[in-house]
Amino acid sequence: MYWNSKDVSVFLDQKEFIDTAVIPLLLIDGQASQVKQNASSAEFLMALTVFIENQFKGRVVLLPPVSYTPKSSRQQLGNEWSEMLKEAGFKHLFFVSSDMSWGTEANALNVIYTPSIPLEHMDQRLRQSVLEDQLRQIIPVFAKRWAISST
């Protein structure tokens, strides 16, 4: 499900089944040396989170990405989103990021780190294969966190 009026209406009617929000975290760094890497990471994360949404359709809502700068307080950003989404009725929240600097907050905020893989020069089949490989690594993380919170 996506963050649009149609899908959110379904979420509101079926909160007991659609209990998870997924938010891509996109680093925006204005340094000339980082702009292309940031854009490539964003492209990868957006493709991967759409792939996650397709895999878990009916259980997750893919929210729009959250952009932040190197100076942003990651802890504050994560806490604000977590609090707001719990109030909205989500039982689970997963952030997905290619920024290793989320490392210290990763467990407390449910940040799933995945290294960015440049997709721009890949043909569609290779791109699909890369995303499937990444998804295979992420599925156990989702399953483990869902199992922990259901006990």
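Me: Which strand do three bridges join to β4, and do the two run parallel or antiparallel?
Reply: First, this is a predicted model, where local features need pLDDT of at least 70, side-chain atom pairs count only at pLDDT 80 or more, and totals for chains, interfaces and linings use all residues. Residues are numbered from 1 along each chain as its sequence is written, and side-chain values use heavy atoms, with hydrogens and water left out. Strands here are DSSP runs of E, at least two residues, and helices are runs of H or I, at least four, numbered from the N terminus; two strands pair if DSSP finds at least two bridges between them. With three bridges, the partner of β4 is β5 (residues 111-113), and they run parallel.

Me: Which residue of β5 stands opposite V96?
Reply: V96 belongs to β4, pointing one way along with H92 and F94. Its opposite number in β5 is I112.

Me: How many bridges join β1 to β4?
Reply: These two strands also run parallel, and L25 stands opposite S97 in β4. The bridges joining β1 to β4 number six.

Me: How many residues of β4 are buried?
Reply: Buried means under 20% relative accessible area, exposed over 50%, partly exposed in between (1.4 Å probe, protein chains only). L93, F95 and S97 point the other way from H92, F94 and V96, and all are buried. So β4 is mostly covered, by the definition of buried as under 20%, with a count of six of its six residues.

Me: Which residues is F142 in contact with, leaving aside neighbours within four places in sequence?
Reply: Contact means heavy atoms within 4.5 Å. On that basis, F142 touches V22, I52, F56, F94 and I112.
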